[in-house]
Amino acid sequence: MIGVAVFYSLNKGKTNIAALPVSERYHNDVTAGGDKAVLELADGKKIVLDNASTGELAQQGAVSVVKSDSGKLVYKVGKTNEGSGAIGAISYNTITTPKGGQYQVILPDGSKVWLNAASSLRFPTSFAGSERRVELIGEGYFQIEKDKSKPFRVKVSPLSGVSSKPGESIEVEVLGTEFDLMAYTDEDRQAATLVSGEVVVRSGTQKLALKPDQQVVLNKQTSSLNLIDNPNVETIVAWKDGVFKFQDASIESIMRQAARWYDIEVAYSGEVKQQFKGTVPRQVNLSTLLQILEATGWVHFRIDGKRVTVFP
């Protein structure tokens, strides 16, 4: 009797989270992200793209900035800039997606970029000189127009919080290709994954050439570049096609993606050691994603406003 009394007193007030119904753990729901971004022009003017009407948004020299009927941001270069060499002063624009946002932009050379949530791309309004250079924060999928006279270079911007010292960030050089570049500050690595074509990845004095279905990873702790053959490309680029795709993923990596896409804060109450595998549309509400994960029996969740707590 004494033992029962002690056990009861020690556990009084504690709740078995797994035993509670969803209605008692999910106090609200959170909708999925969507096409949201802010464009900052060279003069500092900011345009909220998800609220902007279709059509021309701005004129910068001979370059028209247009929101297409399909919602893409398109840069159209006028005749003054096409092949004339008289570009004038180069100005830069920056497109930024918030948490819960994504967007697609067509650059002045016709190259296409898909920006994932919590990302930004800084680029010139026209590509003059001997190269095409842009700066990325977060994650982007690039479909580059081929131009042997002007290699395309993507640099991880020091504004992302990653040190700009040699060897601590990567730069990708391409001629014409498709690839994914992931450089979020809350991840322990940066990664460039080649889908087609060819790229060269540099970091400090290190340099690696990639073939399709290869990935280069920069470990932020060791500042070393590592080549990975046959990564799961479908999983890596699934976000661009509107899908969460997990392959032996930890709950921490899954929840980092969820935090960016649903604009939530994540806390942990205990350790979840299992690895997850599956595919979920990114259009579903947060509760649907979490209940699919809970169906494994390995993990449980509680939603309180924008805060999600993870339980084993």
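Is Glu187 buried or partly exposed? In this predicted model, Glu187 counts as buried because its relative accessibility is 13%, below the 20% limit that defines the term. Its partner in a salt bridge is Arg256, and the closest N and O atoms of the two are 3.1 Å apart. Arg256 sits in helix α4 (residues 251-262), while Glu187 belongs to the loop between β14 and β15 (189-196), so the pair links parts of the chain that are 69 residues apart. Arg256 itself, at 27% relative accessibility, counts as partly exposed.

In general, side chains of opposite charge can pair when their charged atoms come close. Glu171 forms a salt bridge with Arg133, with 3.1 Å between the closest N and O atoms. Because Glu171 lies in strand β13 (residues 171-174) and Arg133 in strand β11 (residues 132-143), this bridge ties together parts 38 residues apart in sequence. Glu171 is buried at 18% relative accessibility, whereas Arg133 is partly exposed at 29%. Glu171 also meets Arg153 in a salt bridge, at 4.0 Å from N to O. Arg153 is in strand β12 (residues 152-156), 18 residues from Glu171, and both residues of this pair are buried. Through shared partners, salt bridges join Glu131, Arg133, Arg153, Glu171, Glu173 and Arg202 into one network.

Asp180, found in strand β14 (residues 178-183), tells another story. Asp180 is buried yet has no salt bridge, and the nearest side chain of opposite charge, that of Arg189, is 8.8 Å away. A polar contact of 3.0 Å instead joins the side chains of Asp180 and Trp239. Other residues that Asp180 touches include Tyr141, Ala191, Thr193 and Val237.

Turning to the nonpolar residues, the largest core has 42 members, of which Leu73, Ile95, Leu121, Phe142, Phe179 and Leu181 touch the most other members. Among the residues that Phe142 touches are Val113, Leu121, Leu136, Phe152, Phe179 and Leu181.

Strands β18 (residues 214-219) and β19 (residues 224-229) run antiparallel and are joined by six bridges. Leu218 stands opposite Leu225 in β19. Four residues lie between the two strands of this hairpin, where Ser223 takes a positive phi near 60 degrees.

Notes:
Residues numbered from 1 in each chain as written. Predicted model: local features only at pLDDT ≥ 70, side-chain atom pairs only at ≥ 80, totals over all residues. Heavy atoms only, no water. Core = buried A, V, L, I, M, F, W, Y, C linked by side-chain atoms within 4.5 Å. Buried < 20%, exposed > 50% of the residue type's maximum accessible area, 1.4 Å probe, protein only. Contact = heavy atoms within 4.5 Å. Pairing = 2+ DSSP bridges. Lys, Arg positive; Asp, Glu negative; His and termini not counted. Polar contact = N/O pair within 3.5 Å; in protein donor to acceptor, adjacent residues only side chain to side chain. Lists of a residue's contacts leave out its neighbours within four places in sequence.
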